[in-house]
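Subject: Model for your files

Dear colleague,

Here is the structure you were expecting.

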Amino acid sequence: MNEAVVFDAVDKSFAAGPEVLSQVSFDIAEGEFVCLLGASGCGKSTLLSMIAQLERPTGGAIEVTEGGAAFMFQDPSLFPWLTAEQNIMLALRLAEGRCQIRQRKARRERAAALLDLVRLSDHAGRRPHELSGGMRQRVALARALAQERPVMLMDEPFGALDAITRSLLHEELLRIWRATGRTVVFVTHSVDEAVHLGQRVLLLSSRPGRIIGEWEVEEQDREGARRAGLVDEITERLRNEVGRHGGHAN
Ligand SMILES: Nc1ncnc2c1ncn2[C@@H]1O[C@H](COP(=O)(O)OP(=O)(O)OP(=O)(O)O)[C@@H](O)[C@H]1O
């Protein structure tokens with residue numbers, strides 16, 4: 001199996017500050033869905049920024065598959081004066097070098113396909129303020145897909161949504177992940193969310209951030225007693241880690 005992301009003994013610190021990540025090693029296979037859990041400030045976003053090559057490691061080595069990574073954040077950060085469709089078209093235009101969509105007509109068709117994928121075809125002409133929070137995140141997801149990069153980095157993308165919208169978007173994201181074959185690295189504070197979405201869950205310690213736990217989540221682990229057992233086990237490890245620093249998980 002080919003690897004999409006490889007971290008080999010990666011260290012990271014900022015200027016003269018303390019070490020944020022220390023000796024972080026993991027591999028993520030192409031097409032895999034990995035969730036990353038850890039207490040607030042342990043370095044999850046820093047780790048994603050290094051996968052996106054926005055930050056460089058201070059030690060060790062990082063390899064990311066050709067084509068790199070697209071980001072999706074908790075804040076959809078859409079251009080307010082552009083419609084849903086235009087926000088996606090702009091991302092397609094910026095991705096021109098990576099995909100073969102150079103004609104406006106072809107971009108329109110691709111934008112329409114992406115809007116259909118996130119089930120927003122009926123709202124293509126609306127501007128962000130005319131959309132609900134969940135719809136705005138659907139546009140943000142389509143825009144991240146429009147970058148045509150093999151890896152999707154998702155930094156608490158559903159953290160600001162209500163529980164029902166979040167649960168709907170979980171199912172949509174899993175459907176889209178299966179349909180597109182993207183590699184997903186998903187940061188969350190929620191053990192439930194991590195076990196529901198991830199094929200694998202990685203737990204980071206704090207100060208410095210190291211990988212201190214790793215769980216494979218099989219299909220049969222996603223329901224009933226096995227799911228509850230796994231959630232309890234990971235929660236306990238996270239709680240111990242947060243307690244060790246007198247901190248909090250959110
Ligand atoms: N550009 C930067 N310059 C200096 N310090 C930084 C920078 N980016 C992050 N840090 C520090 O690195 C540490 C880890 O931050 P990071 O945002 O990666 O944590 P996190 O686990 O994503 O936190 P949260 O869960 O609260 O979003 C923090 O102490 C933060 O202050």
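Confidence

This is a predicted model. The chain has a mean pLDDT of 90, and 95% of its residues reach 70 or more. Within the chain, strand β7 (residues 183–187) has the highest confidence, at 97, and helix α7 (residues 224–244) the lowest, at a mean of 87. For the complex, the predictor gives an ipTM of 0.95 and a pTM of 0.91.

Ligand site

Which residues surround the ligand? The shell consists of Phe14, Gly17, Val20, Gly38, Ser40, Gly41, Cys42, Gly43, Lys44, Ser45 and Thr46. Sorted by class, that shell holds seven polar residues, three nonpolar ones and one charged one. Helix α1 (residues 44–51) gives the most to the shell, with three residues.

Helix contacts

Two helix pairs are described here, and helix α4 (residues 133–146) takes part in both.

Because angles under 35 degrees count as roughly parallel, α4 is roughly parallel to α5. The crossing of α4 with α5 is right-handed. On the α4 side the contact is made by Gly133, Gly134, Gln137 and Leu145, and on the α5 side by Thr165, Leu168, Leu169 and Thr180. By class, the residues of this contact are five polar and three nonpolar, with no charged residue.

The second pair is helix α3 (residues 104–117) with α4. Here the angle is about 135°, and the axes are 9 Å apart. What does that angle make α3 relative to α4? It makes α3 oblique to α4. The crossing of α3 and α4 is right-handed. Leu114, Leu115 and Leu117 in α3 meet Ala142, Leu145 and Ala146 in α4. The contact of α3 with α4 has six nonpolar residues, and neither polar nor charged ones.

Regards

Note on methods. Residues numbered from 1 in each chain as written. Predicted model: local features only at pLDDT ≥ 70, side-chain atom pairs only at ≥ 80, totals over all residues. Near = placed C-beta within 6 Å. Helix = DSSP H or I, 4+ residues; strand = E, 2+ residues; numbered from the N terminus. Nonpolar A, V, L, I, M, F, W, Y, C, P; charged D, E, K, R; others polar. pLDDT = per-residue confidence, 0-100. Axes fitted to C-alpha atoms, helices over the stretch in contact; angles between N-to-C directions. Parallel < 35°, antiparallel > 145°, perpendicular 65-115°, else oblique. Left-handed = near helix turned anticlockwise from the far one by under 90°. Contact = placed C-beta atoms within 7 Å.
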